[in-house]
Amino acid sequence: MHTNPMRATVVAGFTIFALALTGCAGGESAGGDSDGAVTLTFANADPAETWTPVIEAFQKEHPNITVKQLNIPYAQYTSTINQRLGGGGGGIDVMVVDAGGGLLDWTNRGFLADLSALKEDALAASVSESMVTAREVDGTLRAIEPWTTSQFLYYNADLLAAAGVEPPSTDPSDPWTYEELTEAARTVQDSGVAEYPFLFDQWDSYYQLQMLGRSAGGGDGIDDEGVVDFSNDGWQRALTWYHSLFEEGLSPRGITNDKNGALFQTGKAAFMISGPWGVAVNEDGDIAWGMAPAPYFDGGERATATDSWGVAIAEKSENQDAAEAFLRYITIDATGNAQSAEVAGIAPTTKDAYAQYAERVSSTAGESSAPFGDIMEYQLQDNAVHRPVVVGYSVFEPGANQMFSDIRNGSDPAERAAQADKEITEQIARLK
């Protein structure tokens with residue numbers, strides 16, 4: 001699988017298949033039997049086959065623990081967890097938690113257990129410290145991430161050569177600026193060699209576009225009190241640049257996110273910013289391509305979007321020890337972590353598992369994919385941007401996505417940002 005697990009949030013988001021409840025026997029967790037056997041219920045929003053291999057491997061190492069999946073369609077996932085855990089327990093022991101406000105909301109509602117006892121081991125095992133601390137609420141660890149993502153600037157080598165554009169450096173410490181990318185896209189446009197000079201893999205998605213505002217000095221667009229601010233100078237710089245892509249014809253209107261990978265792999269686009277899954281997408285095409293680190297704004301901070309699911313233990317689970325053993329296996333143990341990420345087709349978070357994954361992906365397409373591992377590891381450690389853990393994120397993200405869409409389709413960045421600031425802040429206030 002080479003899709004991005006953040007796409008279904010459109011958000012991070014993440015591509016999730018909308019399945020009915022499968023793989024659950026009654027949906028209730030069982031306590032310890034007389035022979036010491038324990039059954040855990042693991043709630044997630046993925047196809048059952050995503051987790052089956054790692055569950056089977058875990059059960060071989062822990063023969064007294066059985067893990068049964070509760071596979072919930074992504075669109076119903078949050079409401080189902082709210083209903084079950086809000087009703088006094090819900091028979092769930094372990095669950096996936098999306099980045100952003102879901103972590104804070106479920107912590108405040110008493111759904112998530114304190115994982116502080118695992119923090120030291122998680123930090124020691126993880127590729128970067130921030131992927132652990134990003135799952136804290138008020139300094140207390142509430143979830144651990146088994147998978148992660150990053151962003152890359154992919155380019156069509158033949159189109160750049162035909163346009164007379166020198167490819168960007170593969171050195172992760174020397175990325176292009178967005179200004180350099182814009183000038184290169186204009187050169188491609190003037191040459192007429194590409195139908196689309198530049199694509200984002202995920203138009204109008206806070207998951208991918210958050211890094212624009214952060215790089216330009218605008219912050220996350222929302223503060224800890226739930227006040228939205230896309231009108232600050234940094235975000236206005238970012239949004240004005242985004243708006244200009246479409247006004248100048250460097251990027252297309254009317255193209256949906258599911259078409260972008262195909263447009264690039266068939267040679268219709270010169271540049272695309274996309275995630276790790278872009279390697280497999282590009283290699284499925286018949287083009288000469290390369291990859292470089294994600295850009296940043298001249299004079300701004302380097303910032304690359306990241307995140308994926310976290311996994312948490314239910315506060316009211318009666319099987320805390322068994323749940324901790326399962327959580328540790330899929331997020332901290334290198335073997336289990338590698339197995340959990342393999343079917344998902346996304347990067348694992350432990351150092352050893354990531355090293356094996358990066359080596360495999362880097363060798364996928366010879367010189368084209370060779371820089372992959374070094375770029376991703378550098379970005380995860382140096383400039384990864386995590387979605388904010390704030391009250392009201394559930395309305396903030398869709399509100400931001402709609403603002404991006406309107407600006408893409410011609411709305412004035414300053415006017416539309418002011419509208420978003422007002423409307424989303426009011427919506428968040430009503431949630432409190």
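Q: Why does Trp241 count as buried?
A: In this predicted model, Trp241 has a relative accessibility of 9%; the term buried applies under 20%, so Trp241 counts as buried.

Q: What makes Phe297 a buried residue?
A: The relative accessibility of Phe297 is 1%, and the cut-off for buried is under 20%, so Phe297 counts as buried.

Q: How many aromatic pairs are there, by the rule that ring centres lie within 6.5 Å?
A: By this rule the count comes to 32 aromatic pairs.

Q: Why is the pair of Trp241 and Phe297 called edge-to-face?
A: The ring centres of Trp241 and Phe297 are 5.9 Å apart, and a pair requires centres within 6.5 Å; their planes stand at 90°, while edge-to-face begins over 60 degrees, so the pair is edge-to-face.

Q: Which parts does the pair of Trp241 and Phe297 tie together?
A: Trp241 belongs to helix 9 (residues 233–247), whereas Phe297 is found in the loop between strand 10 (289–293) and strand 11 (304–305), so the pair ties together parts that are 56 residues apart in sequence.

Q: What makes Tyr242 and Phe246 an edge-to-face pair?
A: Their ring centres lie 5.0 Å apart and their planes are at 85°; since edge-to-face applies over 60 degrees, the pair is edge-to-face. Tyr242 and Phe246 both lie in helix 9, four residues apart, which is about one turn of the helix, and both are buried.

Q: Why is Gln236 described as buried, and what does Gln236 touch?
A: Gln236, which also lies in helix 9, has a relative accessible area of 16%; buried means under 20%, so Gln236 is buried. Leaving aside residues up to four places away in sequence, Gln236 touches Phe230, Ser231, Pro413, Ala414 and Ala417, where contact means heavy atoms within 4.5 Å.

Q: How do you know that Arg302 lies over the face of Tyr296?
A: Arg302 is at 5.1 Å from the ring centre of Tyr296, and the rule asks for CZ of Arg within 6 Å of the centre and within 35 degrees of the ring normal; Arg302 accordingly lies over the face of Tyr296.

Q: Why is strand 1 said to be largely enclosed?
A: Seven of the seven residues of strand 1 are buried, so strand 1 is largely enclosed by the rest of the structure. Val38, Leu40, Phe42 and Asn44 cover one side, and Thr39, Thr41 and Ala43 the other, all of them buried. In a regular strand the side chains alternate between the two faces of the sheet.

Q: What makes strand 1 and strand 2 partners?
A: Pairing requires at least two bridges, and strand 1 (residues 38–44) and strand 2 pair in the parallel sense over seven bridges. Within this pairing, Thr41 has Lys68 as its bridge partner, and Leu40 stands opposite Val67. Strand 1 also pairs with strand 3 in the parallel sense, over two bridges, and here Ala43 stands opposite Met95.

Q: Why do strand 2 and strand 12 stand at the edges of the sheet?
A: Four strands form an open sheet in the order 2-1-3-12, with mixed pairing. Strand 2 (65–71) and strand 12 (310–313) each have a single partner strand, so one side of each is left without a neighbour in the sheet.

Notes
Residues numbered from 1 in each chain as written. Predicted model: local features only at pLDDT ≥ 70, side-chain atom pairs only at ≥ 80, totals over all residues. Heavy atoms only, no water. Phe/Tyr/Trp six-rings, centres within 6.5 Å; stacked < 30°, edge-to-face > 60°. Buried < 20%, exposed > 50% of the residue type's maximum accessible area, 1.4 Å probe, protein only.
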